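Subject: Structure for your records

Dear colleague,

Please find the structure below. My notes on it follow.

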Amino acid sequence: MRTAYAKVKGLEKPIQSPSNISGRLWQKFSQSLTGNDRFSAYLEPVIQMLLPAWAANSYRAQVINRRIENEQAFTLVLRPSRYWPAFTAGQFVQITVEVDGALVSRVFSISSSPQMFQKEGLIELSIRIQEKGRITPWLASDLKIRQWIRLSAPSGVFSIENTIKSAAQKASLPLQKNSTQKDEDTNGSAQSRPLLFIAGGSGITPFRAMLHEYKETLQVTVIYSYRGAAQSLFLSELNQLKTNFPNIKIHLLDSSRQPRMNASRLLELAPEVFGSAILLCGPPAFMQHTVKEILSLGVSKDRILQESFSSTPINAISSHYASVALNGRSDLSQDNFLAPTDERQIHFLLSQKTMSINSNNNDPLLNLAESIGLKPVHGCRAGVCHQCICKKRQGRVLNMRTQQYSDTGPEDIQLCISVPVDNVALDL
Ligand code: FES
């Protein structure tokens, strides 16, 4: 199929949006005739019968294998279509599949290395099955091997390079280099900085890509927390890396058997925390707790790059919010951390409904609206597609993607990544 795809000129790459006037007129003409912005998108199902790798304005991938990791997790092996762009270890993709007649999108970290993609043309997505989820059980059992699915370009800034560049710009990290490494350091070389990876649960997936990509050169300490073996991923693989590469130190913490990691335990496991660039990935509660513990040691937040995974059951646990370099922009420091008020009221103005939530409820507004029967427009549920934008009239929300708090006045927010921190009124 790849040969046939390559032979048809003009269908080799996804078609880009027209940017000139004639392009826009053509777009209007297409819209009036087919109800779609592009003829190519309208004809997509027919074209894909002949050229399954082709998509009108996206990429596609073929499912090559599904590997069981444990009772609750599996790895999808995908072969992206031709011209799918190169990626950096730590980035994520959005996949779209048809489930019960509806197109559903989710975002997952790429858990394999860029080297593997270069050599074999394959990528891996490692996914935890959510019992009550809509898509992960379907991906685990109904997605067919050799089936084609829609795949976005890789995205996200969660990478070793970005962490080091950001910290170097702040000139806050001691360099560990010899005279020949100078240029590499300036460019954010992965080899020249001590690194600390802290992962919780499925948050280990982007680190797996990084460890495989740079296993021979990284000076890294990995702290991986998980709740019982069934909730873990890649334990034997991590142990193998630890055995074969003395430059990689790995600490595995089963939180079902030992207390949650705090600042003193962190110092014990990684005394180099003060001189390291720190990458952090896991569920929001894990991230907030860990960041507070790190900051309590006096470590600068400029040294931390974090990636948050959704913890709400309806979202795939591997769905995650795009990466956020703290870079002084975050409100997560102890000084300005805003805890939700005890009870919050959400007013859905157009539907004339109100709900109350207690202090333990940190669900995003999309889930809250759905829990009382509303059906807001949405797509990825991960802050990527922007389909869930809604006007907030009043109240403060925490954007889980940027870790920024909103003002109290009117503004557009993304429902799927906005958590109310006080009473909120929405045009919904
Ligand atoms: S549903 Fe995609 S950004 Fe909210």
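Strand E2 (residues 73-80) and strand E5 (residues 123-128) run antiparallel and are joined by 6 bridges; two strands pair if DSSP finds at least two bridges between them. Opposite isoleucine 127 in E5 stands phenylalanine 74. This is a predicted model, in which local features need pLDDT of at least 70 and side-chain atom pairs count only at pLDDT 80 or more, while totals for chains, interfaces and linings use all residues. Residues are numbered from 1 along each chain as its sequence is written. Helices (H or I, at least four residues) and strands (E, at least two) are DSSP runs, numbered from the N terminus.

E5 is largely enclosed by the rest of the structure, because 6 of its 6 residues are buried (20 or more other C-beta atoms within 10 Å of the residue's own, with C-beta atoms placed from the backbone). Ile123, Leu125 and Ile127 point one way from E5, and Glu124, Ser126 and Arg128 the other way. In a regular strand the side chains alternate between the two faces of the sheet.

Strand E8 (residues 219-226) pairs with strand E9 (residues 248-254) in the parallel sense, over 7 bridges. Threonine 221 has lysine 249 in E9 as its bridge partner.

Helix H9 (residues 205-214) is mostly covered, with 9 of its 10 residues buried. Among them are Phe207, Arg208 and Tyr214.

In helix H12 (residues 284-296), the buried residues are Pro284, Phe286, Met287, Thr290, Val291 and Ile294. Glycine 298, which follows H12, has a positive phi, near 90°.

Regards

How values were computed
A residue is buried if 20 or more other C-beta atoms lie within 10 Å of its own, exposed if 12 or fewer, and partly exposed in between; C-beta atoms are placed from the backbone. The expected span of a helix is 1.5 Å times one less than its number of residues.
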